[in-house]
Amino acid sequence: MDKRRIRVLIAKVGLDGHDRGAKIVARTLSDAGMEVIYTGIRQSVDQVISAVIQENVDVLGLSFLSGDQGVLLPKVMRALKEKGLEDVMVIVGGIILERQIPEFMKMGVRKIFLPGTPPAEIAEFIYESRREP
């Protein structure tokens, strides 16, 4: 296993301006020893994909609170595939409808964290996922 710290990009795709949760998760992951890049709010799909490439990240964390995940998440997943970035682990957090979870998991999302998830649980999931063969 390489000694490089896990690199995580936290992104807010779309027009949602609420990023408190994303900032808390970013800080928690950083405190857990990961290298975290936060893109800020109101990012386009192209901006996020470009950042994934430029920053050479291992994990892409997307936060949704405004209900546009049903449109934007498929676009992100499709763009990752088109760029050959299927090895980037995608995790999603925020207000996600229960009925959307199976569909998002089929798209390749590795884990969905709903409101109330302790941020430390997200860090633990990332570390545990990296240990899997």
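Colleague: With 14% relative accessibility, does D58 count as buried or exposed?

Modeller: Ground rules first: this is a predicted model, where local features need pLDDT of at least 70 and side-chain atom pairs count only at pLDDT 80 or more, while totals for chains, interfaces and linings use all residues. Residues are numbered from 1 along each chain as its sequence is written, and side-chain values use heavy atoms, leaving out hydrogens and water. Buried means under 20% relative accessible area, exposed means over 50%, and partly exposed is in between (1.4 Å probe, protein chains only). D58 has 14%, so it counts as buried.

Colleague: Which residue forms a salt bridge with D58, with the closest N and O atoms 3.5 Å apart?

Modeller: A salt bridge here is a side-chain nitrogen of Lys or Arg within 4 Å of a carboxyl oxygen of Asp or Glu. The partner lies in helix α5 (residues 119-131), whereas D58 is in the loop between α2 and β3, 72 residues apart. Helices (H or I, at least four residues) and strands (E, at least two) are DSSP runs, numbered from the N terminus. At 26% relative accessibility the partner is partly exposed, and its name is R130.

Colleague: Which other residue is linked with D58 and R130 in a network of salt bridges?

Modeller: The whole count by this rule is seven salt bridges. The network that holds D58 and R130 also takes in R4.

Colleague: How far apart are the closest N and O atoms in the salt bridge of R7 with E35?

Modeller: R7 sits in strand β1 and E35 in strand β2, so this pair ties together parts 28 residues apart in sequence. R7 is buried at 13%, while E35 is partly exposed at 30%. Their closest N and O atoms are separated by 2.4 Å.

Colleague: What is the bridge partner of L9 in β3?

Modeller: Two strands pair if DSSP finds at least two bridges between them. β1 pairs in the parallel sense with β2 (residues 35-38) over four bridges, and V8 has V36 as its bridge partner there. β1 also pairs in the parallel sense with β3, again over four bridges. In β3, the residue bridged to L9 is L60.

Colleague: Which residues of helix α2 are exposed on the other side from the buried ones?

Modeller: The buried ones in α2 (residues 45-55) are V45, V48, I49, A51 and V52. Down the helix axis they fall within an arc of 160° (taken from the directions from the axis to the C-beta atoms), so they line one face. They pack against β1 (7-11), β3 (59-64) and α3 (69-82). On the other side, the exposed residues are D46 and Q54.

Colleague: Which residues is V52 in contact with, leaving aside its neighbours within four places in sequence?

Modeller: Contact means heavy atoms within 4.5 Å. With those neighbours left out, the list for V52 is L9, V57, L60, L80, L85 and V88.

Colleague: What is the phi of R42, which is not a glycine?

Modeller: Most residues other than glycine have a negative phi. N56, in the loop between α2 and β3, goes against that with a positive phi near 50°. R42 is in the loop between β2 and α2 and is partly exposed at 49%. Its phi is also positive, at about 55°.
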